[in-house]
Amino acid sequence: MEQTPNHNTKSMQTANESSIYKLLIVGVVVSLVGVYLRFAFDSNMLSLVSWIILFLGAFICFKAVFKILGA
């Protein structure tokens, strides 16, 4: 008989915390705002700001993913 994996381990509980997924959603939304601003207007200053917002959102998403992987 095959053993089923134990999903109640500490690492699985940490990886399934809702705060990590909320952080991931925030990162995706921030990235979407950056993408929208990047293509919505044609200004050098706004383009620079939108790139910064986009990379900030990507950094937030990477942080959430590495929290899940490090659990």
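Student: In which helix does L48 lie?

Tutor: A helix here is a DSSP run of H or I with at least four residues, while a strand is a run of E with at least two, and both are numbered from the N terminus. L48 lies in helix α3, which covers residues 44–69. Please note that this is a predicted model, where local features need pLDDT of at least 70, side-chain atom pairs count only at pLDDT 80 or more, and totals for chains, interfaces and linings use all residues. Residues are numbered from 1 along each chain as its sequence is written, and side-chain values use heavy atoms, with hydrogens and water left out.

Student: How many helices and strands does the protein have?

Tutor: The protein has three helices and zero strands. Along the sequence the pattern reads α-α-α.

Student: Is L48 buried, partly exposed or exposed?

Tutor: Buried means under 20% relative accessible area, exposed means over 50%, and partly exposed lies in between, with a 1.4 Å probe and protein chains only. L48 has 48% relative accessibility, so L48 counts as partly exposed. Across the protein, buried residues make up 18% of the 71 residues.

Student: Which residues make the nonpolar surface patch?

Tutor: A patch is made of residues with over 30% relative accessible area and no salt bridge; nonpolar side chains (Val, Leu, Ile, Met, Phe, Trp, Tyr) are joined within 5 Å, and like charges within 9 Å. A salt bridge is a side-chain nitrogen of Lys or Arg within 4 Å of a carboxyl oxygen of Asp or Glu. Areas come from the Shrake-Rupley method with a 1.4 Å probe, and for residues only the protein chains shown count as cover. Here M45, L48, V49 and I52 make a nonpolar patch of about 390 Å².

Student: Which residues of α2 are buried, and what covers them?

Tutor: The buried residues of α2 are I20, G27, S31, G34 and L37. Their cover includes α1 (10–15) and α3.

Student: Which residues does I53 touch?

Tutor: Contact means heavy atoms within 4.5 Å. I53, which lies in helix α3, touches V30, V33, G34 and L37, not counting residues up to four places away in sequence. The C-alpha atoms of I53 and V33 are 7.5 Å apart, although the two residues are separated by 20 positions along the chain. With a relative accessible area of 23%, I53 is partly exposed.

Student: What does L24 touch?

Tutor: L24 is in helix α2 and touches C61, A64 and V65, again leaving out residues up to four places away in sequence.

Student: How many aromatic pairs are there?

Tutor: A pair of aromatic rings is described by the distance of the centres and the angle of the planes. Rings of Phe, Tyr and Trp (its six-membered ring) pair if their centres lie within 6.5 Å; planes under 30 degrees apart count as stacked, over 60 as edge-to-face and the rest as tilted. The whole structure holds two aromatic pairs. W51 and F55 form a stacked pair, 5.7 Å centre to centre with 20° between the planes. Both W51 and F55 lie in helix α3, four residues apart. F62 and F66 have ring centres 6.4 Å apart and planes at 25°, so this pair is stacked.
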